[in-house]
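Please have the side chains displayed while reading.

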Amino acid sequence: MKKVLCFVMIMVAMVWSSCSVTLSGASIPVDMKTINVAFFENNAPLVVNNLSTLFTEALKDRIRSQSRLGIVRGEADATIEGTITGYTLAPVSIQATNNNTAPLATATRLTITVNVKYVNNKDKKLSPDFEQSFSRYTDFTGDINSQEQSLIRIINQQLTEDIFNKAFANW
């Protein structure tokens, strides 16, 4: 009985160790090993000094954490490049005021837009080339200055997820 139980446990362990599950949903071609993520210049009419760096690094971090691709400079199996084309603040909720004064914005929307070009040099069937604009926003109340960096992080997380999914998850 002990031999049978030991044999079953060994078989279960072997089957368990041979299985792998990926939760990212990525379908990266097997022969794709490297990607070049170019620096995203900020061409938005409203410019935040560190937005280019924050976005570019967020995209690299997303690729590092959700794929096996190595990020390189120069020639690579795939490239992602683009520009930040929009950084806008717009009121989304207006509050009336008294005494003939202008209404106040009680909530504001921060929107960031990036134009992305992705080129796959390996297998265009699994991961086809594209050039597309991606835009995400978040609403906030109060002064932008005290919240700006955390709002940018939130939007960058959403944008990089959209870009990663478009490039590698066929979404």
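This is a predicted model: local features need pLDDT of at least 70, side-chain atom pairs count only at pLDDT 80 or more; totals for chains, interfaces and linings use all residues.

**Core**

The largest nonpolar core has 33 residues, and Ile35, Ile80, Tyr118 and Phe168 touch the most other members. At least two residues each come from strand S1 (34-37), helix H2 (51-66), strand S4 (78-95), strand S5 (104-120), strand S6 (130-140) and helix H3 (148-168). The most is given by H3, with eight residues. In soluble globular proteins, nonpolar side chains tend to be buried together.

**Helix H3**

H3 has 21 residues, which at 1.5 Å a residue should span 30 Å; the C-alpha atoms at its ends are 30 Å apart, so the two values agree. Buried residues of H3 include Leu151, Ile152, Ile155, Leu159, Ile163, Phe164 and Phe168. Among the buried residues of H3 there are also Glu148, Asn156, Thr160 and Asn165. An α-helix has 3.6 residues a turn, so residues three or four places apart point the same way.

**Aromatic contacts**

The structure contains five aromatic pairs. Two of them are tabulated here.

| Pair | Centre to centre | Angle between planes | Geometry |
|---|---|---|---|
| Tyr118 and Phe168 | 5.6 Å | 85 degrees | edge-to-face |
| Phe130 and Phe134 | 6.2 Å | 70 degrees | edge-to-face |

Because Tyr118 lies in strand S5 and Phe168 in helix H3, their pair ties together parts that are 50 residues apart in sequence. Tyr118 has a relative accessible area of 0% and is therefore buried. Phe168 also counts as buried, at 0% relative accessibility. Phe130 and Phe134 are both buried. Ring pairs link Tyr118, Phe130, Phe134, Phe164 and Phe168 into a cluster.

Charged groups also sit over rings. The charged end of Lys166 is over the ring of Phe130, 5.5 Å from the ring centre. For Arg109, the charged end is over the ring of Tyr137, at 3.9 Å from the centre.

**Loop residue Lys122**

Lys122 belongs to the loop between S5 and S6. Leaving aside residues up to four places away in sequence, Lys122 touches Asp31, Met32 and Asp77. Lys122 and Asp77 are 45 residues apart along the chain, and their C-alpha atoms are separated by 6.0 Å.

Conventions:
Residues are numbered from 1 along each chain as its sequence is written. Side-chain values use heavy atoms; hydrogens and water are left out. A nonpolar core is a set of buried Ala, Val, Leu, Ile, Met, Phe, Trp, Tyr and Cys residues joined through side-chain atoms within 4.5 Å. Buried means under 20% relative accessible area, exposed over 50%, partly exposed in between (1.4 Å probe, protein chains only). Helices (H or I, at least four residues) and strands (E, at least two) are DSSP runs, numbered from the N terminus. The expected span of a helix is 1.5 Å times one less than its number of residues. Rings of Phe, Tyr and Trp (its six-membered ring) pair if their centres lie within 6.5 Å; planes under 30 degrees apart count as stacked, over 60 as edge-to-face and the rest as tilted. A charge sits over a ring if NZ of Lys or CZ of Arg is within 6 Å of the ring centre and within 35 degrees of the ring normal. Contact means heavy atoms within 4.5 Å.
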